[in-house]
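Hi everyone, thanks for having me. Let's look at a structure together and walk through it piece by piece.

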Amino acid sequence: MEEYIRFQNVSKVFHLTREKKEAICALDSIDLSIRKGELLSIVGASGSGKTTMLKLISGILIPTSGTVSIKGEAVHNLRQDTGNVFQKATLLPWRSVLRNVLLPVEVVKGEVRDKDTHRAYELLETMGLKGAQNMYPAELSGGMRKRAALARAIALDPPLLFCDEPSAGLDPTIAESLDRLILSLRNELGITVLIVSHSVPSILRTADSVVFMDAGQVIHSGSLPETLSAGIQKIDDFFSKGTSYR
Ligand SMILES: Nc1ncnc2c1ncn2[C@@H]1O[C@H](COP(=O)(O)OP(=O)(O)OP(=O)(O)O)[C@@H](O)[C@H]1O
Ligand SMILES: [Mg+2]
């Protein structure tokens, strides 16, 4: 598989005061290569830099130093070819499920055509949300909200899908069905998927490869079998806990 996303010596520092006296190094000199079509799990303790990494690829954040590139092209600003299921719920409460799913279409294309609405209905059906199009986010269960967010993330058929803890707070059965859904999207659409996950069962079910973060650094990246046999204590501890990492 060809290289798709590349981090070259990437650091991201957040300054907490205007005088820039206090700084947090969220990512420290990251070098990483992600291949097209792979399903990559990003794992690591809270605060280790996982969300920051996704935001640098989608152009929501820009590196303090180094370069993030997609297909050899440096990411300088917000990209429209990434679909995001954000860590925090971001469905707009005043919009129905259908109008939430159509939001990226409205923003990017400036109008919604019949074929976009048709596609949105198709996506809702794929996500098991048939009939929920006129409901509002407050009327949905947690799992339904995540699936609606997933439908919205892929409404523009992005080649890249980022899911930041998609199954956090869901019961294991629903989490498993969400995993299956993401896996089938990858298999059917051939998209590259990056999932931040704390759930060992979910990683074992879905990941082709794993990036293991610790305090802003990548301590290991490789295929799932390589990761499981890397012989690194922190990784072994994580996988032997079996359920979650918090
Ligand atoms: N906008 C911001 N301003 C200041 N600091 C930030 C900002 N975003 C992230 N950070 C800091 O950068 C570090 C990495 O944060 P990040 O959100 O990437 O962690 P994470 O691995 O996703 O954690 P979690 O598992 O809790 O979601 C943390 O110390 C966090 O406080
Ligand atoms: Mg995060």
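Let me start with a question: leaving aside its neighbours within four places in sequence, which residues is Ala-151 in contact with? Keep in mind, as we go, that this is a predicted model. The answer is Val-101, Leu-123, Leu-124, Met-127 and Leu-129.

Those contacts bring us to the inside of the model. The largest nonpolar core has 58 residues, and Val-101 and Ala-151 are the ones with the most contacts inside it. Helix α5, residues 142-153, supplies the largest share of this core, with five residues. For anyone new to this, nonpolar side chains tend to be buried together in soluble globular proteins.

Next, please find the sheet. Four strands make an open sheet in the order β2-β1-β4-β5, with antiparallel pairing. β2 and β5 stand at the edges with a single partner strand each, so one side of each has no neighbour in the sheet. And α1 packs on the sheet, where it touches β1, β2 and β4; the direction of α1 makes about 115 degrees with that of β1.

Let's zoom in on one pair of strands. Strand β1, residues 3-15, is joined to β2 by nine bridges, and the two run antiparallel. Ser-29 has a positive phi of about 55 degrees, although it is not a glycine.

Now back to α1. Eight of the nine residues in α1 are buried, so to speak the helix is mostly covered. Among the buried ones are Lys-50, Thr-51, Met-53 and Leu-54. Just after α1 comes Gly-59, with a positive phi of about 80 degrees.

So what surrounds ligand 1? The residues around it include Phe-14, Ile-24, Ala-26, Lys-50, Thr-51, Thr-52 and Gln-87. You will also find Gly-44, Ser-46, Gly-47, Ser-48 and Gly-49 there. Both β2 and α1 supply at least two residues of this shell, and α1 gives the most, with three. By type, the shell divides into three nonpolar residues, eight polar ones and one charged one.

For contrast, pick Thr-51 and then go to Glu-106, 55 residues apart along the chain: their C-alpha atoms are separated by 26 Å. Glu-106 lies in helix α3, residues 103-109. With 13 C-beta neighbours inside 10 Å, Glu-106 counts as partly exposed.

My last stop is a hairpin. Strand β9, residues 209-214, and strand β10, residues 217-223, run antiparallel and are joined by six bridges. One example is Val-210, whose bridge partner in β10 is Gly-222. There are two residues between the strands of this hairpin, and Ala-215 takes a positive phi near 45 degrees. Ala-215 is not a glycine either. This residue lies in the loop between β9 and β10, and Ala-215 is partly exposed, with 14 other C-beta atoms within 10 Å.

Key. Residues are numbered from 1 along each chain as its sequence is written. Chains are lettered from A and ligands numbered from 1 in the order in which they are written. This is a predicted model: local features need pLDDT of at least 70, side-chain atom pairs count only at pLDDT 80 or more; totals for chains, interfaces and linings use all residues. A residue is near a molecule or strand if its C-beta atom, placed from the backbone, lies within 6 Å of it. Ala, Val, Leu, Ile, Met, Phe, Trp, Tyr, Cys and Pro count as nonpolar, Asp, Glu, Lys and Arg as charged, and the others, Gly among them, as polar. A nonpolar core is a set of buried Ala, Val, Leu, Ile, Met, Phe, Trp, Tyr and Cys residues joined through C-beta atoms within 7 Å. A residue is buried if 20 or more other C-beta atoms lie within 10 Å of its own, exposed if 12 or fewer, and partly exposed in between; C-beta atoms are placed from the backbone. Two residues are in contact if their C-beta atoms, placed from the backbone, lie within 7 Å. Two strands pair if DSSP finds at least two bridges between them. Axes are lines fitted to C-alpha atoms, for helices over the stretch in contact, and angles run from 0 to 180 degrees between N-to-C directions.
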